[in-house]
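I opened this notebook to keep track of what I looked up, strand by strand and pair by pair. The entries follow the order in which I went through the coordinates.

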Amino acid sequence: MAISLVTGHYGYSHITSQQAAQRNIGASSYGVRWASAAPSMTVKSTSVTIGDFLLVVDGRYVKNDDDMTVSFTGGSAGYSRHDIIALRYYVDDTDDDATENVEFRVIPGTAVGYDGITDDAVDPTVSRVDLSLLPKSSDVAIARIKLLGTSVSVESLIGESIVSVADIVDYMTVPNGRQVRTYRGDISGAALDDVRFDEALKVN
């Protein structure tokens with residue numbers, strides 16, 4: 001049929017994963033955001049262990065229930081390099097029942113000379129495709145592994161966690177003709193319920 005009710009029907013299976021993702025996009029927009037607290041990332045000389053998390057990628061939810069360890073090639077004295085930890089989305093359509101999968105992978109960068117002061121290394125290219133376009137594969141950059149000589153560190157590349165619209169900004173009109181904008185947000189690690197401040201705006 002040309003038009004149908006996506007939610008609210010009964011009697012047959014009618015809501016697809018694609019429709020659920022489109023609904024999520026409408027609620028939280030495109031892009032990549034943590035839907036939970038950002039995961040812990042423990043780095044060693046040749047590996048990074050990523051803790052549990054819930055991530056939203058173009059309306060799709062990705063859940064990691066346990067620590068996951070990815071490996072990379074260690075650094076070398078006199079050289080710097082940036083590697084990217086990516087979440088790889090791919091479609092396995094080798095049989096009649098195609099499946100969508102996600103996995104971690106490390107995209108290695110190119111080593112350049114390092115004088116101990118200036119880091120001239122650049123991030124490798126990440127093939128990111130909007131999942132709403134239904135690609136066969138796409139990489140989402142999760143973190144940067146920075147190797148300076150033999151030292152190594154890891155930096156998250158994902159933005160802030162998603163919160164509900166009510167937790168970001170509320171509007172209400174009060175009897176005196178002024179509009180009150182109420183912000184609630186996570187500030188300096190405080191819980192959402194612990195932080196609240198109001199800004200009164202004159203309504204013209």
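The entries below go from the sheets to the core, then to the salt bridges, and end with one serine.

**Entry 1: the kind of model.** I note at the outset that this is a predicted model, and I read every distance and area below with that in mind.

Entry 2: I then followed the pairing of S4 with S5, which is antiparallel and runs over 5 bridges, and I found Phe 53 standing opposite Asn 64 of S5.

**Entry 3: the sheet S2-S3-S6.** I next found an open sheet of 3 strands in the order S2-S3-S6, again with antiparallel pairing. Its edge strands are S2 (41-43) and S6 (68-71), each of which pairs on one side only. The twist here averages 20 degrees from one strand to the next. S2 and S3 pair in the antiparallel sense over 3 bridges, and among the bridge partners I noted Thr 42 with Thr 49 in S3.

**Entry 4: the partners of S7.** Which strands does S7 join through bridges, and in what sense do they run? I counted 11 bridges from S7 to S10, the two running antiparallel, and in this pairing Arg 81 stands opposite Leu 147. S7 is joined to S8 by 9 bridges, also antiparallel, with Ile 84 having Ile 107 as its bridge partner in S8. A further 2 bridges join S7 to S9, and these strands too run antiparallel. As a reminder to myself when reading side chains along a strand, in a regular strand they alternate between the two faces of the sheet.

**Entry 5: the nonpolar core.** I looked up the largest nonpolar core and found 22 residues in it, those with the most contacts inside it being Leu 55, Ile 85, Phe 104 and Ile 142. The elements that give two or more residues to this core are S1 (32-34), S3 (47-50), S4, S7, S8 and S10. The largest share, 5 residues, comes from S10. I then listed the contacts of Phe 104 beyond four places in sequence, and they include Ile 50, Phe 53, Met 68, Val 70, Ile 85 and Ile 142.

**Entry 6: salt bridges.** How many salt bridges does the count come to? The count comes to 8, and I went through several of them in turn.

- Asp 58 forms a salt bridge with Arg 128, with the closest N and O atoms 2.9 Å apart. Asp 58 lies in the loop between S4 and S5 and Arg 128 in the loop between S9 and S10, so the pair ties together parts that are 70 residues apart in sequence. Asp 58 is buried at a relative accessible area of 2%, whereas Arg 128 is partly exposed at 35%.
- Arg 105 forms a salt bridge with Asp 139, the closest N and O atoms being 2.7 Å apart. Arg 105 lies in S8 (residues 99-107) and Asp 139 in S10, so this pair ties together parts that are 34 residues apart in sequence. Arg 105 is partly exposed, with a relative accessible area of 30%, while Asp 139 is buried at 3%.
- The side chains of Asp 83 and Arg 81 meet in a salt bridge at 2.8 Å, N to O, and both residues are buried.
- I also found a network of salt bridges that links Asp 123, Arg 144, Lys 146 and Glu 155.

**Entry 7: Ser 80.** Is Ser 80 buried or exposed? I read its relative accessibility as 1%, and since buried means under 20%, Ser 80 counts as buried. Ser 80 has its place in S7 (residues 79-92), and its bridge partner in S9 is Val 112. The side chain of Ser 80 makes a polar contact with the side chain of Asp 119 at 3.1 Å. Leaving aside neighbours within four places in sequence, I found Ser 80 in contact with residues including Thr 110, Val 112, Tyr 114, Asp 119, Asp 120, Leu 147 and Leu 148.

Technical notes. Residues numbered from 1 in each chain as written. Predicted model: local features only at pLDDT ≥ 70, side-chain atom pairs only at ≥ 80, totals over all residues. Heavy atoms only, no water. Helix = DSSP H or I, 4+ residues; strand = E, 2+ residues; numbered from the N terminus. Buried < 20%, exposed > 50% of the residue type's maximum accessible area, 1.4 Å probe, protein only. Polar contact = N/O pair within 3.5 Å; in protein donor to acceptor, adjacent residues only side chain to side chain. Contact = heavy atoms within 4.5 Å. Salt bridge = Lys/Arg side-chain N within 4 Å of Asp/Glu carboxyl O. Pairing = 2+ DSSP bridges. Core = buried A, V, L, I, M, F, W, Y, C linked by side-chain atoms within 4.5 Å. Axes fitted to C-alpha atoms, helices over the stretch in contact; angles between N-to-C directions.
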